[in-house]
Amino acid sequence: MILGPLLYLIYTADLPTTDKGYTANFADDTAVLTVHEDPDEAMQQLQLHLNKIHPWLMKWRMKANETKSTQVTCTLKKRTCPPVYPNNKQLPQTNEVKYLRIHLDRRLT
């Protein structure tokens with residue numbers, strides 16, 4: 001039995017969540033997602049979720065890889081969500097992100 005994945009699951013089992021935010025984990029890749037028609041509300045929900053994760057990272061002496069972290073607004077509208085600030089640093093906004101070898105673009109095509 002390979003213990004690496006099992007130990008990681010145990011280690012991250014208490015990752016904070018919110019009612020309106022979703023966390024997708026696979027191995028050491030994590031995505032935090034929120035869904036709302038209003039971009040401002042989606043950003044507020046995402047910021048709340050990130051604010052809960054930061055103390056957890058500090059407690060477990062972990063650090064998010066800021067060079068791999070991005071914010072993508074998936075919508076058919078032209079308006080982008082306002083930026084979010086995990087650890088008081090603005091996440092770069094992009095129109096595409098690679099997650100688990102899948103390229104997700106702004107329009108989810």
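Analyst: A residue counts as buried under 20% relative accessible area and as exposed over 50%, with partly exposed in between. The model is predicted.

User: Is P16 buried or exposed?
Analyst: P16 is found in the loop between α1 (3-11) and β1 (21-26). Its relative accessible area is 17%. The cut-off for burial is under 20%, so P16 is buried.

User: With which residues is P16 in contact, leaving aside its neighbours within four places in sequence?
Analyst: Contact here means heavy atoms within 4.5 Å. For scale, P16 and A42 lie 26 residues apart in sequence, and their C-alpha atoms are 18 Å apart in space. With sequence neighbours within four places left aside, the contacts of P16 are T23, H49, K52, I53 and W56.

User: How far apart are the end C-alpha atoms of α2?
Analyst: Helix α2 covers residues 39-59. At 1.5 Å a residue, its 21 residues should span 30 Å. The model agrees with this, as the end C-alpha atoms of α2 are apart by 31 Å.

User: Which residue with a positive phi follows α2?
Analyst: Buried residues in α2 include P39, L46, L50 and W56. After α2 comes a residue whose phi is near 55°. That residue is R61.

User: Which residues form the largest nonpolar core?
Analyst: Membership requires buried nonpolar residues joined through side-chain atoms within 4.5 Å. Among the buried residues of α2 are M43, L46 and L50. Leaving aside neighbours within four places in sequence, L50 is in contact with V32, V84 and P86. The largest nonpolar core has five residues: M43, L46, L50, V84 and L91.

User: Which residue forms a salt bridge with R79?
Analyst: The structure holds two salt bridges. In the one formed by R79, the closest N and O atoms are 3.0 Å apart. This pair links distant parts of the chain, 39 residues apart, with R79 in the loop between β3 (71-72) and β4 (93-94) and its partner in helix α2.

User: How far apart are the closest N and O atoms of K89 and E66?
Analyst: K89 counts as partly exposed at 44% relative accessibility, and E66 counts as partly exposed at 40%. A salt bridge requires the nitrogen and oxygen to be within 4 Å. K89 and E66 form a salt bridge, with their closest N and O atoms apart by 3.6 Å. The pair links distant parts of the chain, K89 in the loop between β3 and β4 and E66 in the loop between α2 and β3, with a sequence separation of 23 residues; the distance asked for is 3.6 Å.

User: How many disulfides does a search of the whole structure find?
Analyst: A disulfide needs two cysteine sulfur atoms within 2.5 Å. The cysteine sulfur closest to that of C74 belongs to C81, at 9.3 Å, so this pair is too far apart for a bond. C74 counts as partly exposed at 42%, while C81 counts as buried at 13%. The number of disulfides found in the whole structure is zero.

User: What is the relative accessible area of N88?
Analyst: N88 is found in the loop between β3 and β4. Although N88 is not a glycine, its phi is positive, about 60°. N88 is exposed, and its relative accessible area is 74%.

How values were computed: Residues are numbered from 1 along each chain as its sequence is written. This is a predicted model: local features need pLDDT of at least 70, side-chain atom pairs count only at pLDDT 80 or more; totals for chains, interfaces and linings use all residues. Side-chain values use heavy atoms; hydrogens and water are left out. A salt bridge is a side-chain nitrogen of Lys or Arg within 4 Å of a carboxyl oxygen of Asp or Glu. Helices (H or I, at least four residues) and strands (E, at least two) are DSSP runs, numbered from the N terminus. Buried means under 20% relative accessible area, exposed over 50%, partly exposed in between (1.4 Å probe, protein chains only). The expected span of a helix is 1.5 Å times one less than its number of residues.
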